[in-house]
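Hi everyone, thanks for coming.

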Amino acid sequence: MEAVREKATRSTAELVAVVEALIFVSDEPITAKVLSEILEEDKESIQAAVEALKDEYEGRESGLQLREIAGGWQIATRTELHDDVRKFLKTRPSAKLSLASLETLAVIAYKQPVTVPEILEIRGVQSASAIKTLLEKRLIVTKGHKETVGRPMQYGTSKEFLIQFGLKDLSELPSIEDFEDLVQ
Amino acid sequence: MQEHTEQYSFDFHRETAEIVAESRDELSIKIGEFAGPLDLLLFLIRQEQANIFDIPIAKITDEYLKYIRLMKSLDIAVAADFLVMAATLIEIKSKMLLPREPSESENEEIEDPRQELVDRLLEYEKFKSAAQMLYERTTVEEAIFERGQIESDENNAEISATVFDLITVFQKILARQKEEIQMEIHREEISLADMIRNLKRRIFQDSEVSLLNFFGEMHTKRELVTAFMAVLEIVRTESVKLLQKTTFGDIVLRRV
């Protein structure tokens, strides 16, 4: 394909096309930085190309969507098409996290880095097995020891967390104070 | 359901059905359990339609204890944390029953014994809502599919080896064996049973044995054949897996 043409000046359309190709083949959300390094284009052009591609997908109501996730870009199917896609892939919705795991994950996401005793303080219940599950699912990672009595391990969310929950970055999470309005 | 639970004015199963009907908390419905003592407490307060800032502590404590008793009768392991909360509730209840000393109440404002619990409940409820938000996000995310993985050597480190791969490795070794100058040294021939025993011991010691190395240690054709048969036998009878990391690469015996 176009790979042979090194450093050649690409037209906007060509840049959009090659950006689309790279996002398509990437296993993980591909960052603007990587795209700009590989294509030897400045970040602004990359950003513009990605935006153009995104608009194009939306404009023609494509079955695919371009999503910004975990600091990168990803091509995925449109939400509304899930029935047919699932029928073809013969998959069922995967096992959901338990309520305890979700709560623990919420505490970790908002309070990170956070220790087990701190999680217990908020949830009022042991979270050991939930933490184990979350570690196994790679949704959380250890973030070193806290320099306090007993040097407890601290936990934080992982990149996998952003990917699985469809988040651009942690700042995309609604503020924890916003949930206060829901209380009462 | 056992008869005696009826006296508690609710039946666990029927009650759960009512939770479905009444509560807007989808999470509890779906999972049908309480994530912890604070969760149960919030549910009871809501069920009583009580004000969280003015919890009818006697009534809620009673309800809480009933629930715990019920969980016991249903053979659910009542976690220590639920009991700690029960103790806390009883403590607050008893504090509230104590008459205040008039001298104190005049000078300084006495803190409501419920205050700490209310603070914890409010803090907890925020994270409960956050968990609900995460739950909703997973539901949306589950409807979105990315492209399946493109197969490459990198993301497919373990190609399961077939008998043919096994034979190929064996032939490689045989060929290598041919090249070496054979010296006739009479050593005692190892029996198949011994070979199997040796190989088994190695697999269980090292948990992983490279076939190239294993075959490489054999000195005669006869030993090699015995070794090869031992591998076949072990794969057939033991919980051992054959793994090949790259196409045409070494094959590894691994304990499952």
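A bit of housekeeping before that. This is a predicted model, so local features need pLDDT of at least 70 and side-chain atom pairs count only at pLDDT 80 or more, while totals for chains, interfaces and linings use all residues. Residues are numbered from 1 along each chain as its sequence is written, and chains are lettered from A and ligands numbered from 1 in the order in which they are written.

Okay, chain A. What does its secondary structure come to? Eight helices and five strands. Reading from the N terminus, the order of elements is α-α-α-β-β-α-α-β-α-α-β-β-α.

How much of chain A is buried? Of its 184 residues, 29% are. Here, buried is when 20 or more other C-beta atoms lie within 10 Å of a residue's own, exposed is 12 or fewer, and partly exposed is in between, with C-beta atoms placed from the backbone.

Now look at helix 1 (residues 12-25) and helix 3 (residues 43-59) of chain A, whose axes come within 9 Å and cross at roughly 80°. Axes are lines fitted to C-alpha atoms, for helices over the stretch in contact, and the angles run from 0 to 180 degrees between N-to-C directions. Helix 1 and helix 3 of chain A are therefore roughly perpendicular, a label for angles of 65 to 115 degrees; under 35 is roughly parallel, over 145 roughly antiparallel, and the rest oblique.

Which residues meet there? From helix 1 of chain A we have A:Leu15, A:Val16, A:Val19 and A:Glu20, and from helix 3 of chain A they meet A:Ser45, A:Ile46, A:Ala49, A:Val50, A:Ala52 and A:Leu53. "In contact" has a cut-off too: C-beta atoms, placed from the backbone, within 7 Å. By class, that contact has eight nonpolar residues, one polar and one charged. For the classes, Ala, Val, Leu, Ile, Met, Phe, Trp, Tyr, Cys and Pro are nonpolar, Asp, Glu, Lys and Arg are charged, and the others, Gly among them, are polar.

On to the sheet. In chain A, three strands make an open sheet in the order 3-5-4, with antiparallel pairing. Strand 3 (114-115) and strand 4 (140-145) of chain A are at the edges with a single partner strand each, so one side of each has no neighbour in the sheet. Strands pair if DSSP finds at least two bridges between them, and strand 3 and strand 5 (residues 153-157) of chain A pair over two bridges. A:Val114, for one, stands opposite A:Tyr155 in strand 5 of chain A. Helix 5 (residues 99-111) of chain A packs on this sheet, touching strand 3, strand 4 and strand 5, and its direction makes about 90° with that of strand 5 of chain A.

Helix 5 of chain A also packs with helix 6 (residues 116-123) of chain A, at an angle of about 115° and with the axes 10 Å apart. That contact divides into three nonpolar, one polar and four charged residues.

One more stop in chain A: A:Ser98 is in the loop between helix 4 (82-89) and helix 5 of chain A. Is A:Ser98 buried or partly exposed? It counts as partly exposed, because it has 17 C-beta neighbours inside 10 Å.

Over to chain B, which has eleven helices and four strands. Buried residues are 21% of its 256 residues. Strand 3 (residues 240-244) and strand 4 (residues 251-255) of chain B pair in the antiparallel sense over five bridges. Those two strands of chain B form a hairpin with six residues between them, and B:Phe248 in the turn has a positive phi of about 65°. Strand 4 of chain B also pairs with strand 2 (residues 208-210) of chain B, antiparallel over three bridges, where B:Glu208 stands opposite B:Arg254.

Last thing: how do the chains touch? The contact takes 38 residues from chain B and 37 residues from chain A. Helix 7 of chain B gives the most to chain B's side, with 18 residues. By class, that side has 21 nonpolar, five polar and twelve charged residues.

Conventions:
Contact = placed C-beta atoms within 7 Å.
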